[in-house]
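Colleague: Could you show me how to read a predicted model, one feature at a time?

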Amino acid sequence: DQRQSLYEAGQFDSYPVSLVSKADYEDTLSIIQVPLDVIRELKFVMSVIPMFKEFSHLLERRKRNKITGEYLDSIQTILGKLILFLIKCEESEDPSKCEGYANTTRQGMMRETYVSDILVEL
């Protein structure tokens with residue numbers, strides 16, 4: 001079994017699982033183990049949602065007095081981390097100088113969790 005060999009090879013070292021529909025069998029679901037790096041990436045994406053929603057709310061309500069320089073710096077830091085998260089940068093760790101190829105898997109995560117939609121609204 002392929003999953004067993006992946007587990008034995010050390011590519012899966014925890015127990016999180018995912019339900020996946022198989023096209024061969026319309027009425028069945030398979031339980032597969034999710035790699036830890038995917039879980040970490042998803043947690044990062046999910047962690048930015050409350051921050052961006054709060055920022056959006058402050059902008060909509062015109063509560064500009066609550067948007068301080070320190071607050072804007074934190075938003076800028078988060079946006080920089082997202083750039084580095086989404087783009088495979090080999091030469092630079094500076095988000096403003098980062099050039100490379102997009103990581104389509106991570107872009108999909110951003111789209112599926114509606115983070116992309118929140119950013120567009122900002």
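Modeller: Gladly! Let's start at Asn-103, which sits in the loop between strand E4 (100–102) and helix H4. Helices (H or I, at least four residues) and strands (E, at least two) are DSSP runs, numbered from the N terminus. This is a predicted model, where local features need pLDDT of at least 70, side-chain atom pairs count only at pLDDT 80 or more, and totals for chains, interfaces and linings use all residues. Residues are numbered from 1 along each chain as its sequence is written, and side-chain values use heavy atoms, with hydrogens and water left out.

Colleague: Thanks! Is Asn-103 buried or exposed?

Modeller: Buried means under 20% relative accessible area, exposed over 50%, and partly exposed in between (1.4 Å probe, protein chains only). Asn-103 has a relative accessible area of 15%, so Asn-103 counts as buried.

Colleague: Which residues does Asn-103 touch, not counting those up to four places away in sequence?

Modeller: A contact is heavy atoms within 4.5 Å. By that rule, Asn-103 touches Leu-86 and Lys-88.

Colleague: And what does a side-chain oxygen of Asn-103 reach at the start of H4?

Modeller: That is a polar contact: a pair of N or O atoms within 3.5 Å, where within protein one must be able to donate a hydrogen and the other to accept it, and residues adjacent in sequence count only if both atoms are side-chain atoms. Here the oxygen comes to within 3.2 Å of the backbone nitrogen of Thr-105. The side chain of Asn-103 also reaches the backbone nitrogen of Arg-106, at 3.2 Å. Just after H4, Tyr-114 has a positive phi of about 65°.

Colleague: Which residues of H4 are buried?

Modeller: They are Gly-108, Met-109 and Met-110. These buried residues pack against H2, helix H3 (69–86) and helix H5 (115–121).

Colleague: How do I describe two helices that pack together?

Modeller: Two packed helices are described by the angle between their axes and the distance between the axes. Axes are lines fitted to C-alpha atoms, for helices over the stretch in contact, with angles from 0 to 180 degrees between N-to-C directions. The axes of H2 (residues 36–60) and H4 (residues 104–112) come within 10 Å and cross at roughly 45°. H2 and H4 are therefore oblique to each other; angles under 35 degrees count as roughly parallel, over 145 as roughly antiparallel, 65 to 115 as roughly perpendicular and the rest as oblique.

Colleague: Which residues make that contact?

Modeller: H2 brings Val-38, Glu-41, Leu-42 and Val-45, while H4 brings Arg-106, Met-109 and Met-110.

Colleague: Can we try a residue in H3?

Modeller: Take Tyr-71, which is found in helix H3. Tyr-71 counts as buried because its relative accessibility is 16%. Beyond its neighbours within four places in sequence, Tyr-71 is in contact with Met-51, Glu-54, Phe-55, Leu-58 and Lys-66. The side chains of Tyr-71 and Glu-54 are joined by a polar contact of 3.3 Å.

Colleague: What about Ile-75?

Modeller: Ile-75 also lies in helix H3, and Ile-75 is buried at a relative accessible area of 6%. Setting aside neighbours within four places in sequence, Ile-75 is in contact with Met-51, Phe-52 and Phe-55. Ile-75 and Met-51 are 24 residues apart along the chain, yet their C-alpha atoms are separated by 7.8 Å.

Colleague: Last one: how many helices and strands does the protein chain have?

Modeller: The protein chain has 5 helices and 4 strands, in the order α-β-β-α-α-β-β-α-α from the N terminus on. Of its 122 residues, 26% count as buried.
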